[in-house]
Amino acid sequence: MKLRKKYAMQTFTKGGIHPLEHKLSSKQPIEMLPIPEFVQISLSQHIGVAATPIVKVGDSVKVGTCIGESAGFISARVHSSVSGTVEKIESIIDTSGLYRNAIYIQVHGDEWESNIDRTSDIVSKIDYTPQYILDKISQAGIVGMGGATFPLHVKLSPPDTTKPEVLIINAVECEPFLTADHSLMLEKAEEICIGISLIKKVLGVDSALVGIENNKPDAIALMQDIAHKYNGIGIVPLQIKYPQGGEKQLIEALLHKEVPSGQLPIVVGAVVVNVATAFAVYEAVQKNKPLIDRVVTVTGIEIPKPSNFLVRIGTSIHTLFEAVGGIPQNTEKIISGGPMMGKALIHSHMPVSKGTSGVIAVPYNLAHRDEPFNCIRCARCVQVCPMGLQPYLLQLYSEQRMYEQLETNFVLDCIECGSCSYICPSSRPLLDYIRLGKNKVSQIIRKRKQK
Amino acid sequence: MYTVSASPHIHAKQNVNRIMYDVIIALLPAFGVSILFFGMSALYTTLIAILSCIVIEFLIHKFLFKKQDFSIKDGSAVITGMLLAFNVPSSIPWWIIIIGSFVAIGIAKMSFGGLGNNIFNPALVGRVFLLISFPVDMTLWPKTTLNQSVDGLTGPTPLALLKEGIVSGKNIMQIKGLPNYQDMFLGNIGGSLGEISALAIIIGGIYLLFRKVITWHIPVFVLLSMFVFSGIFYLLNPYMYINPLFHLLSGGAMLGAWFMATDMATSPMTIKGQIIFAVGIGIITMIIRMFGAYPEGISFAILLMNAVVPLLNKISPSRYGSSLSIKK
C-alpha cells in the first residue's frame, strides 16, 4: 500500500495521447485453442540473425523439440510447438511483412518432450546460480514478448561496464484492444512473480518495479497481493496514457530518469522486460518448457466474442479468427499487434510468432485514412510527441529529402509510436515520412562510419 | 487481401472541418450579443463578410489555382469572414467590407497558398487595411441599442474616450462618460461589431478549450501580460493610467486573445514559443494603447508577433533525454 500511495498515478511527462481503449476482451479468461492441423514456425521470430534449421524434411518432432539453433550473438533458438512431421521448409511472408524461412510441421497427436513438466503445480524454489538461469533462458529461446522480440538472454547480459540497478516489468499494455498481458496477470500472477525473481537473480538487482496502467485495477490489486510474498517487487499503478509501454516512457514514469538520446536503458541502470516474458522465464526455468505458446488477444469491433487464447506458436492467424466466429465481412485491415504500432497483414494465413500479442480485425471506418490536407500548423503533433520532437518539421524535411536537417533534429530519437499521425487533423502521413527519413539517416550514418 | 499500410491504424476523430466548425460555434455567442446590441446591421455586415470571403476563396481556387477538387467546406473562409466583420463597426458600408474580405482572403491567405500557409492572420490584415484606408468609416462607432438616449447615434469607444482624455491632459477622474465594468463585461459599450461583450467571448473561448481546439496558454498569457504591464503603471500613477481591468474588458482584448492570437496557422508550434508570442502581444498592445497614437493596438500587436512566429518556431520543445540528471 505504501508503494501504491507513493507512486499514485505516475506517468511520463512529455506528450502522449488517449486513444479509445476498446479493451473488449478484458473480462475473458485465457482459453486453450485446440491444437491446429499444421503449424508454420518462422526461423526469424526475433531481432537478429535467423536461426539455423536443425531438422530435415521427414523428421518427426515432439512438442518442445529444438528445430532451429541460435546462429549468432543476437539470435534465438526456435522450438517445435506441436508433435508431428516436418513436411517442408519454405519461404513465407510472416507478420513482419518480409519473406522468412519457416518450418512447416504436420501435426500428429500431442506428444511432448519427456523433460517438460506439464503439471500446473507452482514451483517456487529458485536457488540457482545466475548463469544456470541465463542458460535456461537461452535454451528456451525466449525473446521479448511485447513485440520487439529482442533475445532475452542478450538483454540480460549487459556489458561489464554497466551496472543494472533495477528491473522494470512492462505490464502497461497501453495499446488499445490488447488484453493478453492483462489476462495473463489475472491467471498467472504467482508464476509471473517467480519469473521476476528469477530475472532479478540473473541481473543481481534488489528491486523490480511492475508498471501497470490504471485501467486494469483487478490486475493491480491481485499483483499487489501476490507481490507481498516476494522480496523487492513493487507494483506501480500508472496513469492511462499512450505510449506508456514504450521503454523510454516507462522508465521515466517509474524512475523519473530519462535515457539519453541514442543510448540503451541500461545507462540509467534499468532493464525493461515484458510481463509475458517474465512468465516465459518461469516456465523455462521451473518447468523446463521452451517458448512454444503464448497468450494472444483475438479482437475487433465486429468480432462477436473477443477472446484471449493460449496459442501454439506457428498457428495460423486465420484459425484464431475462426475460433471467434470468422473474420467479419467489412474488415479493412488485419493487424498483428496493437492498432497503434502493429503491422497490417496482407492476408490472414500467417503464423503466430513469439511477438504476436494480439490480432485485430479493423473495419473500414476505423482503419480508413482521410485524404491528406494542408498542414494547418495546429501544433498538435508537437504537443503529443512523447520524445519532444517536432513531427511536422521532420515530415517536411523527409519529404524534401533534407537528411542533414533530419539528423540534427534528432529524427533517430523517434520511437514510431504513431501519436503524431493519430492526432493530425489534416490526416497527414507524418510517421510514414519520418520512418522513411529515419531509414535514410541511419543509412547515411552507417556509410559515414565505414569511411 | 487486406489493406496494408504502416501504423498507426487508428486515427483521432477531430479533423480540420471539425476544428473550423467548432471555432464558428464558439463565435456564435459574441455574434448573438452584437445582434442584440447593434440590431440587424450587425447581422447584415457579418453575412456580407462571410459570403464575400467564401466567394473570393472559391474564385481564387477555381480560376487562379485551377484546382479541380478543392474544398471550401473546411469553413476557414467563414471564420475569416466572421472575424473580419467582428473587427469593424457594425454600421460600415457594405462595399468596404467586401474590399476588406478581398484583402483578407485574396492577399493575406490565398496568395500564400491557402489555409495553413498564411503568415499573417487574414482577418486582421483585412481589418488593418481598412483602418488605414478608410479611417473615418472605420472609427464611426454606433451606440448600442440600449444606450441611444444621449446625443447622436454614434459615440466613441471606451478606449477612444480614454485616449482623447489623456491626450488633452485630463487625469482619469476627470474623463467623463467611461462605462462601468458591468456594461463592459456584458457588452453594452461602443466598439467593433463582435468585440464588445467580454462575457460572450469568454463563453466561446471556454467552449474551444473544452473541445481542445485551443490550449489555454495563448489567451491566458496575452491577458495576463496586459494586466501585469498596465497594472504596474496603474500602481505607479493611478491618475494617469487606468485600472488594468478596464484594459482587459475594453477594445479587442478579449476577441484578440481568444480568437485572433490563437489562430493555429499564425501562432507558434511549441508551448514555449506560444508563451513568448502571447506575452509579446500583450506588451505591444499595452504600449500602443498607453503611449501610441491609436487608442487600440491589439490588431497591430498580433500582426507584429505573427511576423516573429517563424523565428519563434526555431525554439525546439524540450526533448526527451536532453534533461538527464536535472530531474531527481
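At what angle do helix α4 (residues 180-203) of chain A and helix α5 (residues 217-227) of chain A pack? In this predicted model, the two helices meet at an angle of about 5°, and their axes are 9 Å apart. Because angles under 35 degrees count as roughly parallel, α4(A) and α5(A) are roughly parallel to each other.

**Helix pair α4 and α5 of chain A**

- On the side of α4(A), the contact is made by A:H182, A:M185, A:L186, A:A189, A:E190 and A:C193, and these meet A:D218, A:A219, A:L222, A:M223, A:I226 and A:A227 of α5(A).
- Sorted by class, the residues of this contact between α4(A) and α5(A) comprise nine nonpolar, one polar and two charged.

**The parallel sheet of chain A**

- Four strands of chain A make up an open sheet in the order β11-β10-β9-β12, and their pairing is parallel.
- The edges of this sheet are formed by β11 (233-238) and β12 (270-274) of chain A, each of which pairs on one side only.
- Neighbouring strands of the sheet are turned against each other by 25° on average, with direction ignored.
- Within the sheet, strand β9 (residues 166-170) of chain A runs parallel to strand β10 (residues 207-213) of chain A, and five bridges join the two; A:N170 has A:G211 in β10(A) as its bridge partner.
- Helix α7 (residues 275-286) of chain A packs on this sheet, where it touches β9 and β12 of chain A, and the direction of the helix makes about 80° with that of β12(A).

**Antiparallel strands of chain A**

- Strand β7 (residues 84-93) of chain A pairs with strand β4 (residues 60-61) of chain A in the antiparallel sense over two bridges, and the bridge partner of A:V61 in β7(A) is A:G84.
- β7(A) is also joined by nine bridges to strand β8 (residues 99-107) of chain A, and these two strands run antiparallel; A:S91 stands opposite A:N101 in β8(A).
- The strands β7(A) and β8(A) form a hairpin with five residues between them, and in its turn A:G97 has a positive phi of about 90°.

**Domains of chain A**

- The domain assignment divides chain A into domain 1 (1-27 + 122-367) and domain 2 (380-450), and the centres of these two domains of chain A, taken over C-alpha atoms, are separated by 27 Å.
- Domain 1 of chain A and domain 2 of chain A each bring 15 residues to the contact between them.
- The side of domain 1 of chain A that touches domain 2 of chain A consists, by class, of seven nonpolar, six polar and two charged residues.

**Contact between chain A and chain B**

- Where the two chains meet, 53 residues of chain A are in contact with 33 residues of chain B.
- The elements of chain A that each supply at least two residues of the side touching chain B are β15 (331-336), β16 (343-345), α9 (364-367), α13 (419-423) and α14 (430-450).
- Of these, β15(A) gives the most to the side of chain A that touches chain B, with five residues.
- By class, this side of chain A holds 30 nonpolar, twelve polar and eleven charged residues.

**Domains of chain B**

- Chain B is divided into domain 1 (16-138) and domain 2 (146-191 + 215-312), whose C-alpha centres lie 22 Å apart.
- In the contact between these domains of chain B, 17 residues of domain 1 meet 15 residues of domain 2.
- On the side of domain 1 of chain B that touches domain 2 of chain B, two or more residues come from each of α1 (16-38), α3 and α5 (122-133) of chain B, and α5(B) gives the most, with five residues.
- That side of domain 1 of chain B has twelve nonpolar, four polar and one charged residues.

**Helix pair α3 and α4 of chain B**

- Helix α3 (residues 76-86) of chain B packs with helix α4 (residues 94-109) of chain B at an angle of about 135°, with their axes 10 Å apart, which makes α3(B) oblique to α4(B).
- The crossing of α3(B) and α4(B) is right-handed, and the contact is made by B:A77, B:T80, B:G81, B:L84 and B:A85 of α3(B) together with B:I97, B:G100, B:S101, B:A104, B:I105 and B:K109 of α4(B).
- The contact of α3(B) with α4(B) has, by class, six nonpolar, four polar and one charged residues.

Conventions:
Residues numbered from 1 in each chain as written. Chains lettered and ligands numbered in written order. Predicted model: local features only at pLDDT ≥ 70, side-chain atom pairs only at ≥ 80, totals over all residues. Pairing = 2+ DSSP bridges. Axes fitted to C-alpha atoms, helices over the stretch in contact; angles between N-to-C directions. Contact = placed C-beta atoms within 7 Å. Domains from an automatic or database assignment. Nonpolar A, V, L, I, M, F, W, Y, C, P; charged D, E, K, R; others polar. Parallel < 35°, antiparallel > 145°, perpendicular 65-115°, else oblique. Left-handed = near helix turned anticlockwise from the far one by under 90°.
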